[in-house]
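Reader: I would like to learn how to read a model like this one. Please start with the overall layout and then move to the details.

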Amino acid sequence: MTFRNTFIAGFVVSAMTVMASLGMVNQASAQDEMPTPKILVVDLQQVMREADAMKGLREEAEGLRSEMEQNLKQQEESLREEDEALSRQRTVLSQEAFEEKRGQLEQRFSQFQSSANTEMGRLEEAYSESVAEVEFTIVKISDDIAGERSANMVIPKSTLLLVGDDFEITEEVISRLNEELPSVSLSLEDVDSE
């Protein structure tokens with residue numbers, strides 16, 4: 001254990017000790033003011049990995065990305081062929097004509113790169129918006145389950161060191177998510193092109 005880790009561990013233990021002692025002193029008044037925590041836990045990473053909507057979304061995004069990359073590759077190849085053809089014509093064209101054609105080709109290549117970046121950006125934005133829809137539904141479902149079980153906290157499992165199975169609602173969240181939002185699709189039309 002490094003000095004830094006030892007220091008942090010010691011600081012955390014000291015802080016917890018102080019918080020516990022303060023809690024004991026004010027325990028009676030705190031019970032009057034604060035409700036007893038009733039906690040549920042959700043493994044968000046597992047939900048995002050196993051939910052049908054996310055599986056379909058990842059598959060659709062990968063298919064669109066592959067299609068876009070193939071299309072961009074064909075356009076790039078076409079521009080490279082034009083560049084090679086222009087290089088072969090260098091000896092028969094005047095310097096001015098060659099420079100003009102070279103400038104036009106470079107401008108088209110620049111527009112191609114800009115267009116490619118814009119299209120990939122639109123795909124990423126559409127994917128993010130679809131993921132946000134899934135995340136919103138997860139929060140809503142978790143809130144519903146918390147209400148049904150009279151819980152006042154739902155905590156992501158990734159923030160906990162240990163948790164008992166009685167607190168876990170991950171499988172129920174996945175099941176309800178699959179029923180409520182079985183699929184979500186990318187909508188590139190809804191994303192503003194820049």
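Author: Read along the sequence, the protein chain runs α-α-β-α-α-α-β-α. Helices (H or I, at least four residues) and strands (E, at least two) are DSSP runs, numbered from the N terminus. The model is predicted: local features need pLDDT of at least 70, side-chain atom pairs count only at pLDDT 80 or more, and totals for chains, interfaces and linings use all residues. Residues are numbered from 1 along each chain as its sequence is written, and side-chain values use heavy atoms, with hydrogens and water left out.

Reader: How many helices and strands are there in the protein chain?

Author: The protein chain has six helices and two strands.

Reader: What share of the residues counts as buried?

Author: Buried means under 20% relative accessible area, exposed over 50%, and partly exposed in between (1.4 Å probe, protein chains only). Here 23% of the 194 residues of the protein chain count as buried.

Reader: How many aromatic pairs does the rule count?

Author: Rings of Phe, Tyr and Trp (its six-membered ring) pair if their centres lie within 6.5 Å; planes under 30 degrees apart count as stacked, over 60 as edge-to-face and the rest as tilted. The count comes to one aromatic pair. Phe 109 and Phe 112 form this tilted pair, at 5.9 Å centre to centre with 40 degrees between the planes.

Reader: Where do Phe 109 and Phe 112 lie?

Author: Both lie in helix 5 (residues 95-148), three residues apart, about one turn of the helix.

Reader: Is Phe 112 buried or exposed?

Author: Phe 112 is buried, with a relative accessible area of 10%. Phe 109 is partly exposed, at 24%.
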